[in-house]
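Please consult the sequence and the structure shown below while reading.

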Amino acid sequence: MSSLLMAGLLFTPLAWAVLCLLLAFRAARLASVIGMLLQMALSLALWAWVAEQGGFFYHLGGWAPPLGIGLRVDGLAVTFVLLTALVGAACGLHAGLYLDPSRPWQRYFWPLFWMLWAGLNAVWLAGDLFNLYVGLELITLAAVGLVVLGGAAPALEAALRYLFAALIGSLAYLLGVALLYAEFGSLSLVGVGEGAGSASPAASFALLIMLFGLAVKAALFPGHTWLPPAHGIARAPVSALLSGLVVKAAFYVAARVWLELGPALEAAVVGVLLGVAGSAAVCWGSWQALRQPQLKLVVAWSSVAQIGYLFLLFPLSHGVPEAVSLQAQQGVTLQVISHALAKSAMFLAAGNLILSVRSKRVEALAGVSRYLPLSLFSFGLAGVSLMGMPPSGGFAAKWLLLQASLASGQWWWAAVLLVGGLLAAAYVFRIYRASFQEVEESDPFYHPPRSLEIIPLVLALLALGLGLVAEPVLSVLGLPFGGEVLSP
Amino acid sequence: MTELWLDGLLVCALLATAAGALLSRDLFRAVVMFIAFGLLMSLAWVRLRAPDIALAEAIIGAGLSGVLFLDAVSHLRRRPAGGAAEDD
Amino acid sequence: MTSALLYVLAGALLCGGGLAGCLLVRHLLRRLLAFNLLGSGVFLLLVGLPAHRHGSDPVTHALVLTGIVVAVAATALALVLIRRYFHLTGRVSLPTGRQEDR
Amino acid sequence: MIERARQALLGAACLLFTVCLLWAVRHLVALPAEQQALSVLLSRWLPDSGVSHPVTAVLLNFRSYDTLLEIGVLVIAGMVGISLARTSALEDPAMRSADPLLHALLRLFLPLLVLLAGWLLWAGSSRPGGAFQAGALLAAAGVLGRLAGLPMAFLRPGTLLRAGLVLGFSVFLLIALLGALDGRAFLAYPPGLAGALILVIEAGLSLSIGMILLALFVSAPVAPEEDADGGPPA
């Protein structure tokens, strides 16, 4: 049963990519809706299976690691698979209505979208270092393709920036893999983790260089410069996918590698460095978001800031008691989920607002609060989660991180959480203030179809409600992972 | 011993062509250096007893990438439609 | 096997040089060349280090073949983007400095 | 001034990186030589893989998931390439050379290259060679033919080109699913059929790899008559 689920989960996105490449835009849209439903059902079934029976290893092709590639299907992985299905389906549905089918290149959105989905699933489930490299490259190229769709000059510029940053990041990661393989003779994460029993200088350097590459791919300050142009120029559903899911993939790999190798290699300095960079990202990203003249750039810079929080995991999970580390891990996981939901909601809502006011600038939003309350409401709800106000998922995440930082005696990270929340409130309210400006009496705006407005609203409500269901979500994450192998 | 000398020579040539590809003032020359680098890499793979990679490197690294780059260089030398050509 | 060691050294130096090229060179085509050199350096280390320790390792050969194909796909894609960018704007390097709003 | 400082900083960082890398490498090469567990496993299971060449066995059986995703990467690159090619016919009439000698030479040379690709493909199961090398050789043959101006109607961006791009990928994917439907794991081959199926996959892959690389080469040029502002309102 679960073997078929796994096969379906891996097969569907790739097969739908092929299918959609062969179909025209409208037919591919129809096929994609079916595919999204299928993928959603499969993800949900797998999540329920793991929640009930516990996680397992899945050996692809029947070959056990280290010779073959094993997938690690644990609570965290299936939660992210489910999150991908949710956000991916929302963005896909939005894109089906948002993109203009008359443009000949839009048909390539669907195959790229499915390839991206396949890459994301591959990364969440991966248990093999080299497989992770290929999965990351799959994501990168699909994401670059989505950014550049249409091939206008600003999109090309943003895509080239993104492509080079991501490629260098991938090669840095691969270099680390090469060094680890030379030392431990294994490519599976578990095998390398077992090998790294004692501190080894080469392995420490490998870890450092891998984290460096992945931090660039996750747009951690100061390697963030590629993100705002790429996420700002892409069409709204694409930006939502990129900000909501793609940057998280690189962070996820970094966290996986860190939790496997960091403790053994005594890399406390690296952890603190990443924490400092994350804090700088929170401040600088929020400050820039406050100053951007364009609506989507505000949201994109906010992503830079929100990604910064994730990197607090590194100092808060090293050299601290087990319980504190677990708290930090839970907090960061909640932050990943709530930011994925909230930020994709925000980008989709921003796309709707841009569609309505026919301008990308913040000032053009004047009068929106009166005539387009729904899109603005979704935007604001998502903002609540970004600010970290209760009962949102963002609040639960920051609460856990706050507790972890106080319990570990590293109170200065708590200050970062506070400042970041205040700045987030400032840039969200800036949008609100602009939209409450009164304009002439008549309604000058284009009104997007209701279904376009409902999708971000649903996502924002999910982000808001996440804080209320944080307990059950975290309980699946914390499932004990025995490491038994699934035998079909 | 002779083999070691040969390997040393090959490595020096590799690094020299790589430096040429990075530092040549003329773009065309840099690309030619890069193609030479690809051919030498394929020899290096033979010496590392990896004939599969040697084949792939000779066809892809030196051949295909080389043609792609040369084609691109000749394209970048033409005037673009959009704006004035900019020297590097 | 000491000759593998020579190639490992060459690989490490190529990594350094390639990275420097990727970060410091502005011309997009040259940057792409540097990226390929960096890739070659990584591949040399990936094959050379185990070869030095244990002798020829077919697993690394397969990994490098995969890596080469990924690299050539990325290179070809980047070339398409660079050429189109040049066609539309006449630029061969990305502008630096503050992002103005368009 | 700031730019200068930035460059100096980056340069210093690269230098530091190289030094650290060399230092790490020094540690690694000083490790004791020992029999590697993975190599033992590889030779132990090689007879069951359906091919006798270890690299092919790793690529298409033991670690076939990597290869599947990697072909996905190639397909993406090809897709993005043709999505940016705005010309209706991907043929450059200016390139058509009229040199009869060159044509005659190519007429001799191209079939040879294709034959060589076929041989590489066949040899891959027992000797160095395989789908990538064969595919790349096919692409090289195509590039040569194109440079000489041979007509290549199949490169028009249409259903045929798209189908060709994903042919190998779909074959691979379907065979991968076959294993799962049959009660084994995803990507597992039915017992006894591994060798034959690997050859089928490789044949499809080399055709598609050749086509993708060729399509990327061909879609790179921008025809001069094309409008400069072909993009969408961003």
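## Chain D against chain A

In this predicted model, 46 residues of chain D are in contact with 55 residues of chain A. On the side of chain D that touches chain A, the elements that give two or more residues are α1 (2–29), α2 (37–45), α3 (54–62), α4 (64–84) and α7 (159–181) of chain D. Among these, α4(D) supplies the largest share, with 13 residues.

By residue type, the side of chain D that touches chain A consists of 30 nonpolar, 11 polar and five charged residues. There are five pairs of chains in contact, and of these, chains A and D share the most contacts.

## Chain B and its neighbours

Chain B also meets chain D: 15 residues of chain B are in contact with 16 residues of chain D. The side of chain B that touches chain D is made up of 10 nonpolar, three polar and two charged residues.

With chain A, by contrast, chain B has no contact. The closest C-alpha atoms of chain A and chain B lie 10 Å apart.

## The fold of chain A

Chain A contains 20 helices and two strands. Along the principal axes, its C-alpha atoms fill a box of roughly 70 × 55 × 45 Å. The radius of gyration of chain A is 21 Å, which agrees with a compact globule, because such a globule of 488 residues would have a value near 23 Å.

Of the 488 residues of chain A, 69% count as buried. When contacts in chain A between residues at least 6 apart in sequence are considered, 80% of them join residues at least 24 apart.

## Confidence in the model

For the complex, the predictor gives an ipTM of 0.93 and a pTM of 0.94. Chain D has a mean pLDDT of 83, and 84% of the residues of chain D reach 70 or more.

One stretch of chain D calls for caution. Over residues 225–234 of chain D, the pLDDT is below 50.

Note on methods:
Residues numbered from 1 in each chain as written. Chains lettered and ligands numbered in written order. Predicted model: local features only at pLDDT ≥ 70, side-chain atom pairs only at ≥ 80, totals over all residues. Contact = placed C-beta atoms within 7 Å. Helix = DSSP H or I, 4+ residues; strand = E, 2+ residues; numbered from the N terminus. Nonpolar A, V, L, I, M, F, W, Y, C, P; charged D, E, K, R; others polar. pLDDT = per-residue confidence, 0-100. Rg over C-alpha atoms; globule rule 2.2 N^0.38 Å. Buried ≥ 20, exposed ≤ 12 C-beta atoms within 10 Å, placed from the backbone.
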